[in-house]
Amino acid sequence: MECSRSGFLLSATAVVSLLSFAWVVILRCWVLPNRASRKLRENGLEGPPPVFPLGNINEMKRVAMSCSSIRKASDPGVISHDIHSSVFPYFSFWQKLHGKVFVYWLGTEPFLYVADPEFLKQLSSGVMGKSWGKPTVFKRDREPMFGKGLVMTEGDEWVRHRHVITPAFSPANLRRMVGLMVESTSQMLDKWMAEINAGNLEFDIEKEIISTAGEIIAKTSFGIGHGDGKKVFEKLRAMQVTLFKTNRYVGVPFSKILCPTSTLEANKLGKEIDGLLMSIINERKKDTSGTKQHDLLGLLLEDNRGDGRSGKNLSTKDLVDECKTFFFGGHETTALALTWTLLLLAVHPEWQEQLREEIREVIGDKELDATSLAGLKKMNWVWNEVLRLYSPAPNVQRQIREDMRVNEETVVPAGTNMWIDVVSMNHDPSLWGEDVNEFRPERFRDDPLYGGCKHKMGFLPFGFGGRMCIGRNLSAMEYKVVLTLVLSRFSFSVSPNYRHTPSIMLSLRPSQGLPLIVKPL
Ligand code: HEM
């Protein structure tokens, strides 16, 4: 009797657990998405019809496939900067049907697509940095990369992190990093010289620059000259490859089960990286020698040495996540800005020469430092023009935390994810004029911030408002250091092996690398 009662209790518990699980699944996969869809429709926000459970993912793949077969047939020698329809073929396709603002679905998650700066202005005016969220699906998906670092935090936690981290990026601190940047770049250039002397003139510039920029960001973030730093650097790179080499189903319920190997591998690497960074941080905390480390971690630790009463100190785990965030946020973005610049300069030798002349005039034989770099005005125009034509961060993502009114008719409901299409806005002739797809750095001569863009929210290479990129000045400094040193020693032309196929792999990159012919001056 006793036995059958406990058997009954056991099966009742199992049934209740199963029913609760089923209810959570139905709620997450069906009830909530349908409610969100209805609310969006009531506000006039519609788009391509989603299909459960993938949303519009299959259609995105189908459009991308048909576009890539057209691209394969295109002339290998042609380098067109009119890239929106090839890097985001599905958005370009949907824009023709639904305009510059519409809703599409990644799995069961609705995304509000925005490529209209006026809509963005009205939606975001008066919204504080702390009131923005980041899409939950991306937070979950990129947990091993960013943890709870600045890119992914929200609300008061974001305010606390941003407040503590901002001083580390002050001009005075960035100045001290020039030496580290010169060191890594000079090593890369000496290696090129040795290879050229051995008869090799062709280099995959993307690979070269990404590896040097990775070293620079690791040195400026947590120092890789010491102890475990080098291992962290290697594992961070491995994790990036693991996470982005597979076909992924972000937003689809239980999608991690669909890619178990890469998920497990990324989690394993994530744990190893955390452990190594923890030991670097703990060693530095114990160090009583008084030696100052001028990397970002050193600066954060210095600020952290207060009595902690203000509640502003970052914990060791916070510091680990921020080191990873600096690496992933700052490594490829800067490297790709440099990579695309070298392609554009190879196609436009007249601009190579103009920049060389400016370097000779402004820097001459002087040592590189922040003051002399600030005098490189034409290099600034080129930097902005490259960020416009080939923005390394091709989109900005946010999540709406409270209902937001755009105009009389439209309220965007809380919980909606936003995908702001930076590439589309940067290639929009109605914002930039008919020469939108030409490389014309001089458009930034008279309007250094917006390059003549007709709308102030139309050019957002570093995002907007309080959540704008914290590393933009570090990045600009690294760009100028690397480009100055490279242009002072070498000239470039495009290799016949280059195929112009820009694609999105989190960032906007040349999918088949960037082979250039490099000659010493
Ligand atoms: C060309 C180089 C770079 C580009 C194009 C770029 C682009 C961006 C963009 C678009 C955002 C999102 C802003 C928003 O939501 O409004 C962002 C945020 C961020 N970036 Fe960068 N970035 C670059 C370099 C760097 C570097 C070098 C670092 C650090 C070492 C860095 C660290 C961050 C961080 C921590 C955030 C989050 C800021 C916050 O939410 O408060 N970035 N970046």
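## A tour around helix α16

Start by selecting helix α11 (residues 205-221) and helix α16 (residues 316-347): their axes come within 8 Å and cross at roughly 145°. Keep in mind that you're looking at a predicted model. Turn the view to look along the crossing, and you'll find that α11 passes α16 in a right-handed sense.

Now show side chains at this contact. From α11, pick Ile205, Glu206, Ile209, Ile210, Ala213, Gly214, Ile217, Ala218 and Ser221. Their partners in α16 include Cys323, Phe326, Phe327, Gly330, His331 and Leu342. Colour the residues of this α11–α16 contact by class and you get 12 nonpolar, six polar and two charged.

Stay on α16 and bring up the ligand. There are 24 residues around the ligand, and Gly329, Gly330, Gly463, Cys469 and Gly471 come nearest. α16 gives the most to this shell, with seven residues, and α22 (472-489) supplies at least two. By class, the shell around the ligand holds 14 nonpolar, eight polar and two charged residues.

Next stop: helix α19 (residues 377-389).

Is α19 enclosed or open? Since 10 of its 13 residues are buried, α19 is largely enclosed by the rest of the structure. Select the buried ones, among them Met379, Trp381, Trp383, Glu385 and Arg388.

Methods
Residues are numbered from 1 along each chain as its sequence is written. This is a predicted model: local features need pLDDT of at least 70, side-chain atom pairs count only at pLDDT 80 or more; totals for chains, interfaces and linings use all residues. Axes are lines fitted to C-alpha atoms, for helices over the stretch in contact, and angles run from 0 to 180 degrees between N-to-C directions. Helices (H or I, at least four residues) and strands (E, at least two) are DSSP runs, numbered from the N terminus. A crossing is left-handed if the near helix is turned anticlockwise from the far one by less than a right angle, and right-handed if clockwise. Two residues are in contact if their C-beta atoms, placed from the backbone, lie within 7 Å. Ala, Val, Leu, Ile, Met, Phe, Trp, Tyr, Cys and Pro count as nonpolar, Asp, Glu, Lys and Arg as charged, and the others, Gly among them, as polar. A residue is near a molecule or strand if its C-beta atom, placed from the backbone, lies within 6 Å of it. A residue is buried if 20 or more other C-beta atoms lie within 10 Å of its own, exposed if 12 or fewer, and partly exposed in between; C-beta atoms are placed from the backbone.
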